[in-house]
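Here is a short briefing on one protein chain. Look at the sequence and the model first, then read on.

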Amino acid sequence: MREIVLKGIDEKVFFDQCDNGLKVYVWVNKKVNTFKGSLVFLGGAENTEFTVNKKKYSVPSGTAHYLEHIMCKNDDGSSLLGNFNKLNSYSNAATFADKTVYEFVGTTNILENLELLLDSIQTKNFVLEYFEAERGPILEEARMRKDDAASLAYYGINSCLFFHYPNRISGLGTLSDIEKISLQDLKLFYHTFYHPLNSFLVVTGNVDPLEVIHFVKENQKKKKFCEWNKPRFPRYFEPQKIVCEHKEIFANVEVPKVYVSVKVPINALPKKNIVTLLSIFQLILISNFGSTSLFREDLFEKKLALTLNTSVEWERKYLVLKVWTKTKYPLEVLDILKEKMKNLEVLEKDILRKIKSEIANLVLGYEDPEYVNDTLTYMLVTYGKIITNEKEILENITAKDIEEVLCKTSMNEMNTFVVSPLKKDD
């Protein structure tokens, strides 16, 4: 076991690796009463095409999500989540584009929770009867998602920005996709991605790291896994241009939502590591649109907007800068947001204040086991490692760095997206 020190914030993560390849990360906080455990597999909704041992495979869209549902069933078809309830714990599972996560949150019985999680997910008997029985609920979930404004907006915007990246398509799959999924598809995905060498375990909270790691290693010694061959994935050529500049959809919302998104090629930006670039753009957007910005204050005072949010998303060779709001005046507000995005500016005093605020948030976050668990999981999936110098990265960002990034950021590939209320005759 070794310690991964998080510089400048007086935190550390304990790490060890089982003989079969499963990596285990443990963060400890004895001041809290809870703990969280997450078993993460590096296979998700976007992994519909892959090559193993020079042989190409494909599964229908939605296969990873269908598998997640089946994994949450016991061998008799009952809910696995109920087993965690008996341990006084809450459990959940989720399929993302690049990962599938199985997790629990509790206050007692940490070893029993770990045993249940590992034994239930790492070994699986696939029963055709239960597989077919789950298709109906998944189809119903897909029908409900068709009315979900947030989901429609997310994938709608991606389809306006990207020609080829798989983030354009809902990982849940269409109704037609779900109907095509076979039990063999699930088995193929399971044996390709659900292997100790393609997964890791994160445990955070009031736990004993030595006890947790020893228990996990002993648990893994009892299991046998087939040899694993790392899958390879298609390479996507994605042009810098966007698919379309504007799109409007109609969904079940009471107030229109408007989005302005900019597709920024990373290779056009100053040569900085991706963590630094993401931090810089987050600071830029917070300074221009955040809770203390003059722009936000003006928008709210004029009652032009009800909310105002921003995000920076990393999608392979591009960053997506996004700002969105609920407003009764969508066309007017869109013009205002577009103009502001084209004229982003940051004062040095604002940056210093925002950096201090971000560092404070970083430190405060390490009081919450669930936040830390999610953060470590995100790092390990996104960067392939734990970023140990987040505080140092923020402290070293200067006004000159931000000016250089802004100068190299083209706002030419900008999309506007409107989610309007359904028409009365709909």
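Two residues are in contact when heavy atoms lie within 4.5 Å. By that rule, Thr325 touches Pro256, Lys257, Val258, Ala305, Leu306, Thr307, Leu308, Val333 and Leu337, leaving out residues up to four places away in sequence. This is a predicted model: local features need pLDDT of at least 70, side-chain atom pairs count only at pLDDT 80 or more, and totals for chains, interfaces and linings use all residues. Residues are numbered from 1 along each chain as its sequence is written, and side-chain values use heavy atoms, with hydrogens and water left out.

**Overall build**

- The chain has 15 helices and 14 strands. Both are DSSP runs numbered from the N terminus: helices are H or I with at least four residues, strands are E with at least two.
- Along the principal axes, the C-alpha atoms fill a box of roughly 60 × 55 × 45 Å.
- Of the contacts with a separation of 6 or more, 79% join residues 24 or more positions apart.

**Burial and surface**

- Buried residues make up 52% of the 426 residues. Buried means under 20% relative accessible area, exposed means over 50%, and partly exposed is in between (1.4 Å probe, protein chains only).
- The chain exposes about 21500 Å², and carbon and sulfur atoms supply 50% of that area. Areas come from the Shrake-Rupley method with a 1.4 Å probe; for residues, only the protein chains shown count as cover.

**Helix H5**

- H5 covers residues 149–161, which is 13 residues. Its first and last C-alpha atoms are 18 Å apart, close to the 18 Å expected at 1.5 Å a residue. The expected span is 1.5 Å times one less than the number of residues.
- Its buried residues are Ala149, Ser151, Ala153, Gly156, Ile157, Asn158, Ser159, Cys160 and Leu161.
- These buried residues pack against helix H4 (128–145) and strands S10 (246–251), S11 (257–265), S13 (318–326) and S14 (414–421).

**Helix H13**

- H13 covers residues 369–382, which is 14 residues. It reaches 20 Å from first C-alpha to last, close to the 20 Å expected.
- Its buried residues include Pro369, Val372, Leu376, Met379 and Leu380.
- The cover over the buried residues of H13 includes strands S2 (11–17), S3 (23–28), S4 (35–41) and S9 (199–205). Helices H12 (348–365) and H14 (390–396) are also part of that cover.

**Two buried residues**

- Thr325 is in strand S13. At 0% relative accessibility, Thr325 counts as buried.
- Thr325 and Thr388 are 63 residues apart along the chain, and their C-alpha atoms are separated by 34 Å.
- His65 sits in helix H1 (residues 63–71). His65 is buried, with a relative accessible area of 7%.

**The loop between S5 and S6**

- Asn53 lies in the loop between strand S5 (49–52) and strand S6 (55–58). Its phi is near 55°, a positive value in a residue other than glycine. Asn53 is exposed, with a relative accessible area of 57%.
- Lys54 is found in the loop between S5 and S6. Lys54 has a positive phi of about 70°, although it is not a glycine. Lys54 is exposed, with a relative accessible area of 84%.
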